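Open the model in your viewer and keep the selection tool at hand. This tour goes from stop to stop: select, look, move on.

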Amino acid sequence: MILSEASRRGFRAYTAKHLDDLLRRGGLGDDERLRIRAVATVLPFRTNAYVVDRLIDWAAVPDDPIYRLVFPQEDMLPEADVTRLAGLLRAGAGNAEIQAAANRVRMRLNPHPAGQLDLNVPRVGTEPVPGMQHKYPETVLFFPKQGQTCHAYCTYCFRWAQFIGEPDLKFASDDVDALVRYLKDHPEVTSVLLTGGDPMIMGEPVLRRYLEPLLGIEQLESIRIGTKSLAYWPQRFVSDPDSDDTLRLFASVVDAGKNLAFMAHFSHPRELELPVVEAAVAGITATGAVVRTQAPLIRSINDDPGTWSSMWRRQLTMGMIPYYMFVERDTGPQDYFAVPLARAYEIFRDAYAGVSGLCRTVRGPSMSATPGKVCLDGVAEVAGQKVFVLHLIQARDPELVGRPFFARYDPKAVWLTDLSPAFADRFPFEPAAVAPRRLSA
């Protein structure tokens, strides 16, 4: 069951076919709406009535942060591409011609960053295991087939390629037996992350089919669920027909001796304001699950310290644990959303300084790059040279975890591949035989 009984749930989804009518609410003109629709032929669009009616301030469009969070903007893509696609829409071109043009743009947007297709897919013998990623020894990511959509899509989502209908770009599997076999063959794996998409798009009976087989695997210490549902559809845990059954399922995971970590994605304080969110968090934490929060730093949405410190404080009072500030990944409209690393560090530092010690569980700014999760610890002057100080929170090579390293200070750098090593001819994660310019992330 995926979003079944939608009328009883009160859930109404909006897709690209509704986009023009929705944009009229913001008073956008004909040409502007056309160009936004052109962007939506490339980047996926989906939202729902809760986001549209209760989270967006339509009087503040186009500057409202939640609007910018879920609605495409015309300058997310190169002007020439938008003009070409808008021309096709204006001329009434056929869907095949529009999609062919859109796909050409998509393939320039690095749809699977950080080696997801080449380096992260596990194999049994020579055969890849569908719907899984195994980047770090302790953790396996599993993409349940029925969970590969969301209640709404974020415009900056690094998993946008999951939603564009291209099978070769999509991770998905409904073979939970294959997952169990893989885990038993790899006793080093102690944590499984169900991800997507959004696993909480699934109804309780389907979610149960994926969770219950994991409870008997002794080596597993934790099960994680990556989700934006608390921000985009908190009713999932309060008033949906299967909300009580879902919470009982969570309790059964905890009763089986597994740490159930609910990895909640909040991008802006407004997503935390409505009482239904507090009720949903209370229901989840009452099962014994732990709610940890994370989000990327996004220009025009949350790129100031006050936004982050207020989010972390509110999350703490609601019983959640601030966990990660990420750097926007090198995929999709990265140029539109990226914040320079130097500024990202300043925002994190100032937000961190404005909260109590209980909020300082948060880590960042962190880049989920090819070698691992690279954390920017600060800017310093060492031996007369201004440098970024970094370390790997997690790494493909466990020997590199926690080891500090340095990069030349670059005020324009937005990603790991923009950086050059300082005091060395290569970064620690680069093979010695490779010339000093870096791995592709």
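Select Phe45, Trp58, Tyr67 and Phe71. Ring pairs link these residues into a cluster. Rings of Phe, Tyr and Trp (its six-membered ring) pair if their centres lie within 6.5 Å. The model is predicted, so local features need pLDDT of at least 70 and side-chain atom pairs count only at pLDDT 80 or more, while totals for chains, interfaces and linings use all residues. Residues are numbered from 1 along each chain as its sequence is written, and side-chain values use heavy atoms, with hydrogens and water left out.

**Stop 1: a ring pair in the cluster**

A search of the whole structure finds 22 aromatic pairs. Planes under 30 degrees apart count as stacked, over 60 as edge-to-face and the rest as tilted. Is Tyr67 buried or exposed? Tyr67 is buried, at a relative accessible area of 0%. Phe71 is buried too, at 0%. Buried means under 20% relative accessible area, exposed over 50%, and partly exposed in between (1.4 Å probe, protein chains only).

**Stop 2: another ring pair**

Select Phe405 and Phe429. This aromatic pair is edge-to-face, with 5.8 Å from centre to centre and 80° between the planes. Phe405 sits in strand E15 (residues 404-408) and Phe429 in the segment after E15, so the pair ties together parts 24 residues apart in sequence. Helices (H or I, at least four residues) and strands (E, at least two) are DSSP runs, numbered from the N terminus. Phe405 is buried, at 4%. Phe429 is buried as well, at 12%.

**Stop 3: two helices**

Show H9 (residues 204-211) and H11 (residues 243-255). They pack at an angle of about 15°, with axes 10 Å apart. Axes are lines fitted to C-alpha atoms, for helices over the stretch in contact, and angles run from 0 to 180 degrees between N-to-C directions. Which residues of H9 meet H11? Glu204, Leu207, Arg208 and Leu211 do, against Asp245, Thr246, Leu249, Phe250 and Val253 in H11. Contact means heavy atoms within 4.5 Å.

**Stop 4: a buried leucine**

Finish at Leu183, in helix H8 (residues 176-185). Leu183 is buried, at 0%. Leaving out residues up to four places away in sequence, Leu183 touches several residues, among them Val140, Leu214 and Gln219. Leu183 and Gln219 are 36 residues apart in sequence, yet 8.6 Å apart in space, C-alpha to C-alpha.
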